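User: I am new to this structure. Please take one part of the sheet and walk me through its surroundings.

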Amino acid sequence: MTPSDAPLRAAVFDMDGTLVDNMVFHNQAWVALARKLGLSLTAEDFQTRFAGRKNEEILPELLGRALDAEELQRLADEKEGHYRTLYRPHLKLHRGAEALLSRLRAAGIPMAIATAAPEGNRALVIDGLGLRPVFQRIVGAEEVSRGKPFPDIFLAAARGLGVDPSQCLAFEDAILGVMSARDAGMPVVGITTTTTAVQLRQAGALWTLPDFTTFPPELEARLFGAGG
């Protein structure tokens, strides 16, 4: 059996743009903050350069200078509060995610979330959708020293599940997130909510899907066995 057809024993999900199709609201909040600060930032700029990184990494690069802790927290809180206000009325799982999570749980496949989202945003999605009992491990940005594209957060998720990264299937929507999971040694499914299939494959995704409703046969077999 080669690594390309070895069974997969766990699943690790990014949250924003993957489990929930919410990145348009993040992008709107970042663009609004940038405009208020007199900066030019498009949604595409954010998605390509920053999606998946921690706020303390994004803000100094966005402003082109160092920020003290108070200013960093103030700007991050402003952006995240605006995002939550925008997204809260639209909160729901991405297409097919609820059925997939139920299927993974029934099959005894452990699951983790690996997300750069701060605690307030995690609570909105995870608790708002009742997902906390579904996941054995939830890894947030504060638990690792480096955000995506570094592999730290996916490696922490694999450690938390007690599964070798090569046996964890990662789900990601962002270029930097795919690179992070790939460099952690995980096979990656790119979800095309925010980024094209071509870009996700170039970043290292082995499969690309618009949502969770249908899996390629070879992925189905690796995750659930030949009988599906």
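Analyst: Start with strand β5, residues 188-191, which runs parallel to β6 and is joined to β6 by three bridges. Strands here are DSSP runs of E with at least two residues, and helices are runs of H or I with at least four, numbered from the N terminus. Two strands pair if DSSP finds at least two bridges between them.

A word on the model. It is predicted, so local features need pLDDT of at least 70 and side-chain atom pairs count only at pLDDT 80 or more, while totals for chains, interfaces and linings use all residues. Residues are numbered from 1 along each chain as its sequence is written, and side-chain values use heavy atoms, with hydrogens and water left out.

Back to β5. G190 stands opposite T208 in β6. I191 has L209 of β6 as its bridge partner. On the β4 side, three bridges also join β4 to β5, and these two strands run parallel. There, E172 stands opposite G190.

Now the faces. In a regular strand the side chains alternate between the two faces of the sheet. V188 and G190 lie on one side of β5, V189 and I191 on the other, and all are buried. Buried means under 20% relative accessible area, with a 1.4 Å probe and protein chains only.

β4, helix α8 (residues 175-183) and β5 make a right-handed β-α-β unit. β5, helix α9 (residues 197-203) and β6 make a right-handed unit as well. Right-handed means that, with the strands pointing away from the viewer, the path from the first strand over the helix to the second runs clockwise.

Step back to the sheet. It is open, with six strands in the order β3-β2-β1-β4-β5-β6 and parallel pairing. β3 (137-139) and β6 (207-209) are the edge strands, each pairing on one side only. From one strand to the next, the twist averages 20 degrees. Angles run from 0 to 180 degrees between N-to-C directions, and axes are lines fitted to C-alpha atoms, for helices over the stretch in contact.

Helix α5 (residues 97-106) packs on this sheet, touching β1 (10-13), β2 (111-114) and β4 (168-172). Contact means heavy atoms within 4.5 Å. The direction of α5 makes about 150 degrees with that of β1.

Helix α5 also packs with helix α10 (residues 217-224), at an angle of about 40 degrees and with axes 11 Å apart. L100, R103 and L104 of α5 meet E220, L223 and F224 of α10.

Note on methods:
Buried < 20%, exposed > 50% of the residue type's maximum accessible area, 1.4 Å probe, protein only.
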